[in-house]
Amino acid sequence: MNTYRSPWMDEDLDLFRSAASRFVEREMVPHDERWREQKYIDREFWRKAGKNGFLCTDIPSEYGGGGGDFRHEAVFFEEQWRRGLSGLGQGVHSIVANYLLNHGTDVQKQQWLPQMAQGQLIAAIAMTEPGTGSDLKGIKTRAVSDGEDYVINGSKMFITNGYVSELLALVVCTDPEGGSQALSIVMLETTDLPGFKVGTMLKKMGQKSQDTCELFFDEVRIPKANLLGGIEGQGFAQLMSDLPYERTQVGVQSVAMMEGAIEETVSYVKQREAFGAPLFSLQNTRFRLAEAKTTTQVARVFLDYCIQNVARGELDNTTAAMCKYWTSEQLQQVLDICLQMHGGYGYMEEYLICRMYADARVARIYAGTSEIMLEVVARNL
Ligand SMILES: Cc1cc2nc3c(=O)[nH]c(=O)nc-3n(C[C@H](O)[C@H](O)[C@H](O)COP(=O)(O)OP(=O)(O)OC[C@H]3O[C@@H](n4cnc5c(N)ncnc54)[C@H](O)[C@@H]3O)c2cc1C
């Protein structure tokens, strides 16, 4: 019997996990197919998640959040991803909340965090552009000072929550000659904002209920009071300081998917018969699954170390890059084994393992590609 329990779990988190699990089963599972077809999760669901205390769980209660820490975020994440529910852009919503918490002025925190925690304002973070992804210093979207305002022109690509979001943390260039101080983050409330346009929802390989869009800015005017933290040129430093949070989120997704996939596959091979006996009785099946389980357990222990350190605000960039790189790469291999065990059914979208396989591929790409993660690790060798 496997008795491992994440060392960061405690009795309160057990209760929170039971509540999260019930909420996910009741409010997400029945709608997943419809959400995948429409390519986004209803805004009403976000409001419900906020009302029930599942959004901004790691934001202090003085700003309307749950008053918990990254462990609470991890629990709600895990309960979704182990069931193959990949549509809720909780990750980017929480990243924006943490940017506000860590870098915003008090007015900005009071203005946006309570509404985000309630799910009344859904957030997105827009860095990537058609011409630049890994190399953020190449960002071309410009915010030009004009009296008390900024005027913004440009476009962003692959933005998670792009269709449903109402609050955008937008990375812009405020000083093309500024070197490492060229970038700033500005906050945009996008509902009925003149000059702002959402492109069509992109057709993706996986994560089908997640709305990923291109965004366009044509002479968009916002008050300078919306500059995150109130000082120009801090964008790059602000982005860098919160990377361990974002990268550990991908670790949480990856390990939760591996765990869910193995559970699903063990149950499948125990009931599916070939040559007069369950697939599980074949040594190849048992050994491959034993390998996958071992990989998953090792990943879990490393991830738990990272979760604990993110919760304490102590995870360094290099370890976070290792976590994101290694767990997302292992995920591909574990899912490949699990899919193979399902035979032809594993290739059918109605099967969880098929959806997970497609969902997982992007984990090696977004939040910094595997190659960029290796670059970060190598820099510190
Ligand atoms: C589903 C999805 C959701 C996303 N959500 C968001 C979002 O919410 N907000 C947002 O801003 N962005 C988002 N992205 C964008 C994502 O972060 C980028 O796609 C990613 O950072 C890679 O950038 P790119 O696509 O421009 O690839 P490129 O930077 O063009 O890279 C192409 C290839 O070159 C490699 N490469 C690049 N530089 C180096 C180097 N120095 N050394 C070695 N190899 C290198 C890369 O690793 C990759 O393999 C999302 C993307 C997807 C697919």
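Q: How many bridges join strand β2 (residues 142–146) and β3, and in which sense do they pair?
A: Let's start there. In this predicted model, β2 and β3 pair over five bridges, running in the antiparallel sense.

Q: How do I describe two packed helices?
A: The general idea is to give the angle between their axes and the distance between the axes. Here, take helix α4 (residues 70–81) and helix α9 (residues 283–311): their axes come within 8 Å and cross at roughly 135°. Angles over 145 degrees would count as roughly antiparallel, so α4 and α9 are oblique to each other.

Q: Which residues make that contact?
A: From α4 come Phe-70, Arg-71 and Ala-74, while α9 gives Ile-307, Val-310 and Ala-311. By type, five of the contact residues are nonpolar, one is charged and none is polar.

Q: Now the ligand: which residues around it come nearest?
A: Of the 22 residues around the ligand, the nearest are Gly-133, Ser-134, Thr-160, Thr-369 and Glu-371. Two or more residues of this shell come from each of β1 (123–126), β3 (149–160) and α12 (370–379).

Q: Which domains give at least three residues each to the shell, and how do its residues divide by type?
A: Domain 2 (123–233) and domain 3 (242–379) each supply at least three. The shell holds eleven nonpolar, eight polar and three charged residues.

Technical notes. Residues numbered from 1 in each chain as written. Predicted model: local features only at pLDDT ≥ 70, side-chain atom pairs only at ≥ 80, totals over all residues. Axes fitted to C-alpha atoms, helices over the stretch in contact; angles between N-to-C directions. Helix = DSSP H or I, 4+ residues; strand = E, 2+ residues; numbered from the N terminus. Parallel < 35°, antiparallel > 145°, perpendicular 65-115°, else oblique. Contact = placed C-beta atoms within 7 Å. Nonpolar A, V, L, I, M, F, W, Y, C, P; charged D, E, K, R; others polar. Near = placed C-beta within 6 Å. Domains from an automatic or database assignment. Pairing = 2+ DSSP bridges.
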